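Subject: Structure for your review

Dear colleague,

Please find below the structure that I am handing over to you. My findings follow directly after it, and I would be grateful if you read them with the structure open.

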Amino acid sequence: MNADYAGLFQALRPEAYLVIGALVVLIVDMIWARHRPANRHHVALALGLISLLMAGYAAATSGASGAIYDGMFQLDPLSVATRTGVILLAALALALLPDAARLRHPAEFTAILLFATTGFTLMAAANNLLVAFLALELASLSLYVLAGFDKASPESAEAGLKYFLFGGMAAAFLLFGFSLLYGLTGTLRLDLIGQQLAQQGPTPLLIVALVMVLVGFGFKAAAAPFHLWAPDVYQGAPAPAAALIASASKLAGLVLFTRLLWPGLGSAVGTIAHLPVTVGWAPVVALISGASLLLGNIGALAQSNVRRLLAYSAISHAGALLLGVIAAGRTGVGPLFYYAATYGLTTVGAFGVIGALESAGRVQQLTDLAGLHKRSPLLAGCLAVFVLSLAGIPPLAGFFGKFAVFASVLQLGGLAGPAGWLVICAIALSAVALYYYLLILKQALVAAPADNAAPVRVSLSATIALLIAAGLIVALGLWPSAVLELF
Amino acid sequence: MFRVFLMSLSVQNLWLIPALPLAAAAIGALTPRTGRALAAGAAITAMAGAFILSCLALVGALAEPAAHQVFNFAWFDLGHGALRLGLLLDPLTAFMGVMVTFVSLLIFIFSTGYMKDDANYKQFFCFLSLFASAMLGLLVANSLLLLFVCWELVGLASYLLIGFWFHKPAAAAAAKKAFITTRIGDLGFLLGILWLQDTQGTLLFYDGGHGILESAALANLAHLLPCGLAASTAIGLLIFCGAIGKSGQFPLHVWLPDAMEGPTPVSALIHAATMVAAGVFLMARVYPLMAADQGLANVPVHALTVVACIGAITALMGALIAVAQNDIKRILAFSTVSQLGYMMLAIGVGSWTAAIFHLLTHAFFKALLFLGAGSVIHAAHHEQDIRRLGGLRPKMKVTFATFAIGMMALAGVPFLFSGFWSKEAILHAAHEWNVSSLPLYAGLAAVVLTALYMTRLVAEVFFGAARTAEADHAHENSPAMTMPLVLLALCAVLLGFLGTPAFPWLQARLLGDSEVHGHSLLEGSGLMRVSIVLVALGLGAGWALYGRRPRARAESPDPLAARAPRLIAALASRLGFDELYAATVGRLSSGFATFCAFLEIYVWDGAVRFLAGLGELSGLVSRENDEQGFNAGFNSASESLRKTSTAYSKAQSGDAHGYLRTLALGFVLLLIIVILGGAR
């Protein structure tokens, strides 16, 4: 093993900035800011944003230099874009912190958020089963803490615990799957695993390993039937944590598993583009995807809780994203990345609006949004952009993301096989989805405000974050090629 | 160093001249009602800019007077061909442009004083700028189509401005009358344009040998139609219809006197100096087309002969009616009709340069007279009846002096005043016309009448004693109103020397000659002597009748009416043209309108109601269908979806053990499916 430490450090500068930033936030808080409660949030926020911006700049300019440190990491355009994307999403989520004023330890929250982001960036670049698992666990453990961070709220604690239990079990499955893969191939490097498997051909043991890996994937992406944690966690977690779980975590997970499935397990993909279906991971992913689309969209219909509604919406989007994963090997990862990144932006925005509203009082039921256009036209306008993008209304990014992914799936085999049928099912369910999305907008834009509702004051950082997210959704919807041409 | 000041405007940039007032009109339209200073300032600034540009264009045009500088461009593609428009710069365009911009500028300035108290002040300047833009566009057009577009736009601006005080029923009616009457002429004009486009395939005036005014195209029109006329004669006469309407020629002159219901600056600018002269300009512009049939011997009539006759009739008739009018603006309006008749007469007898010369001088002195009248009206609290004025000479010295200059220019007082020279040029051309002498006699008779009615006007308004309280309280107006009068008076004197027979510079430049060939004034001066005598006769008769013993009271009888009561009564009622039209064309069209209304109410409306009923019925049926069948099915489907969802939500109990069991179950299930699938 030829260790190139200089190259490794060069490649991992973003992670270094993030970790150093997390430590600085903790130290400054302990020594100085702790005694100034009025500024504690702002100091943590400022330091956290600075370190995120430095890391983001380093990630965006790092360049696709290929395999690093004996193939531990792979820096290709996808990992550059993903690292930049997750850092941007984390920064937007962090900007919601001042409105979550009930969190008593902002510095710890910021530091853990930065650790989680470190996990995401490593997931985006990992090319080794061990690194991937470590990165995943770093991110997951941080997120468990963030989900239960609101100590004053029993729901937050419940969310943290359920997330942890579910995540722990999924991680066990994943680790078992990884160990089987290592046993089958004798290597941890994804590209070498791919070469080995191509020589061996599919075996029953490989199938078991695949399904175990996909359990971990399904958990991370909140796809049915491994989605059960999502509604409870989205409901209970503090808004910035929920935003992070729904956006950056999902993007990083999708990229990690896409890398795992295509370069690593590409020879065991099977086919679902035409009948008869051949065995591999693609039919399993297709099953998960179809179940997610159905359960997510139908489950959302009856929700009266806006956070649970967003969770079911996330499940249905996971179904569409998994379709993109199936197509990514053939048509490139561009549509998948575009969809996942813009979906992350919209959920950060949606949770941002909820978080901003929560500074004035708890927001759970749809009716808590009533009369938002009177209480805060800015929030109502941003919410309209986010929700319409989730629903896939042109010219917003959500429409083009769905369009690009579905088009790439149809390129596989048209309507001749299960993949094409799934696309038709997804498009039909989009019409169902429009109903519950418009329920949100009906409350926000049409219904009259409650009698005791006061105008909402939104912090500056959250305002800027929401405007950036909404502006990006509109801009990327108008110029999707800005993202698609990266790959 | 000196060259910098001699720069000129090239034809490519000619569009700037109409664009400036158009921008001012846009500013005027967009400013709120309170933005009075902004709208007026923009209009005046833009006009001053357009004036400077026009002067530069004149420099450019005079550098090569014989050339028709053109700049043609494709407007849009139409099938295989392109519809092309163009700009044209020649001395005719340039002289007209300088005149229009200069007179407009002075009248804009005058208007700031005259319209000071009007609530719609900014709108007035917006409309004025729109008019100026359209008028200038008309002048620079190198395409009959572009000219027609601008022609209609000046008609629109004229409509808007005549009806500016639309709350007065008379003004609204006059605006409508002007618009509809000129439309009758424009119908002929449009037919002529379509005919030309059909036969020539282009409407560009000059296009490097292919334009409709160039000899190759004119030769196409020499063939005879079944009715015996040459094609060019028929097209020329159709185009002349437009000029008849716009320039108030007999028999469509009836709108012009009524147009005096508009504000006086509008009367001065549009209905005396510029727009009404557009018909004359059009005839001068298409003169090669009008004269194309001159060489044909076997045709019943030449186009120009018709033009000359119409012009002569109009000149005489306008002057006759003017003698018997009592409203100061109506007198001037009929005098405008008469003078436009002179110009048409000049074109008809073959001297379009004389017509343009008279157009230019007339624009200045008639604008002067109208603004003078406006000054009188403004001072006398909107009293317009000359019998109820009087004695204004000592009270309004500047107005009187300038008005007198304008009056003498119009009457054609010899040598010093521009009107004399331009009218002499027309009479001279009429004298040399070898088809008939009648136009000459009509013109000479009109000379006497013009001197007579103008003397009457001045004597009644300015001399004698004030006959009403309004006239008694009159006083001189502000410099914004008198300064344009003085400038126009200067022009009314000086402009005549551009075209005297001894040095006909203007005519030579218009014809494209760089040499000026004059001759002694005494050479062939018999006609001039006759007309001088006739002017003296008219002035003397007017003074004898109205000046020597001024009217004592407003109600005193008119001395001329006392001598020939029936003639004057007939003239005062404008020879009954309005009544004639009301009884014939008006009644016919109102009868047709009644018929159409009958059809509309009972026939078409019934059919529409029937169809609407059918539509309603089918709508009813399909709504029932929709609600009972389709919609109910959709509702039940939606309801069952929601029920599924509720049931599913209940299944999600929140029990963590259940979650983990589901996870494990899901894993096993997937494994079984895949392995079974693999075994198959």
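In chain B of this predicted model, residues 24 or more positions apart account for 78% of the contacts with a separation of 6 or more. The chain contains 26 helices and four strands. Of its 680 residues, 51% are buried.

Contact between the chains

The two chains touch through 23 residues of chain B and 27 residues of chain A. On the chain B side, α25 (577-651) and α26 (656-679) each contribute at least two residues. The greatest contribution to that side comes from α26(B), with 14 residues. Sorted by class, the side of chain B that touches chain A holds 12 nonpolar, 10 polar and one charged residues.

Helices within chain B

Helix α15 (residues 352-379) and helix α16 (residues 397-411) of chain B have axes that come within 9 Å and cross at roughly 145°. Their crossing is left-handed. From α15(B), the residues F365(B), L368(B), L369(B), G372(B), S375(B) and V376(B) take part in the contact. They meet T399(B), T402(B), F403(B), G406(B), M407(B), A409(B) and L410(B) of α16(B). This contact is made up of eight nonpolar and five polar residues, with no charged ones.

The buried residues of α20(B) are M481(B), T482(B), P484(B), L485(B), L488(B), A489(B), C491(B) and A492(B). As to its length, helix α20 (residues 479-494) of chain B has 16 residues, which at 1.5 Å a residue should span 22 Å; the end C-alpha atoms are 22 Å apart, so the two values agree.

A loop residue in chain B may also interest you. H223(B) lies in the loop between α7 (215-220) and α8 (231-246) of chain B. With 11 other C-beta atoms within 10 Å, H223(B) is exposed. In sequence, H223(B) and L296(B) are 73 residues apart, while their C-alpha atoms are 9.8 Å apart in space.

Helices within chain A

In chain A, the axes of helix α14 (residues 306-331) and helix α19 (residues 418-446) come within 11 Å and cross at roughly 160°. At that angle, α14(A) is therefore roughly antiparallel to α19(A). The crossing of α14(A) past α19(A) is left-handed. On the α14(A) side, the residues in contact are V306(A), L309(A), S316(A), G319(A), A320(A), L323(A) and I326(A). Their partners in α19(A) are A419(A), L422(A), V423(A), A426(A), L429(A), A433(A), Y436(A) and I440(A). By class, the residues of this contact comprise 13 nonpolar and two polar, and none is charged.

Helix α12 (residues 248-264) of chain A is another element to look at. Of the 17 residues in α12(A), 15 are buried, so the helix is largely enclosed by the rest of the structure. The 17 residues should span 24 Å at 1.5 Å a residue, and the end C-alpha atoms of α12(A) are 23 Å apart, which agrees.

Backbone features in the loops of chain A

Two cis peptide bonds deserve a check on your screen. One joins A224(A) and P225(A), with omega at about 0°; P225(A) sits in the loop between α9 (204-221) and α10 (229-236) of chain A. Another joins P394(A) and P395(A), where omega is about 5°. P395(A) is placed in the loop between α17 (377-391) and α18 (397-413) of chain A.

Positive phi values also occur. Y69(A) is not a glycine, yet its phi is positive, at about 55°. This residue lies in the loop between β1 (66-68) and β2 (73-75) of chain A. Because Y69(A) has 19 C-beta neighbours inside 10 Å, Y69(A) counts as partly exposed. D70(A) is also found in the loop between β1 and β2 of chain A. Its phi is near 55°, again a positive value in a residue other than glycine. D70(A) has 14 other C-beta atoms within 10 Å and is therefore partly exposed.

Yours sincerely

Technical notes: Residues numbered from 1 in each chain as written. Chains lettered and ligands numbered in written order. Predicted model: local features only at pLDDT ≥ 70, side-chain atom pairs only at ≥ 80, totals over all residues. Axes fitted to C-alpha atoms, helices over the stretch in contact; angles between N-to-C directions. Parallel < 35°, antiparallel > 145°, perpendicular 65-115°, else oblique. Left-handed = near helix turned anticlockwise from the far one by under 90°. Contact = placed C-beta atoms within 7 Å. Nonpolar A, V, L, I, M, F, W, Y, C, P; charged D, E, K, R; others polar. Buried ≥ 20, exposed ≤ 12 C-beta atoms within 10 Å, placed from the backbone. Expected span 1.5 Å × (residues − 1).
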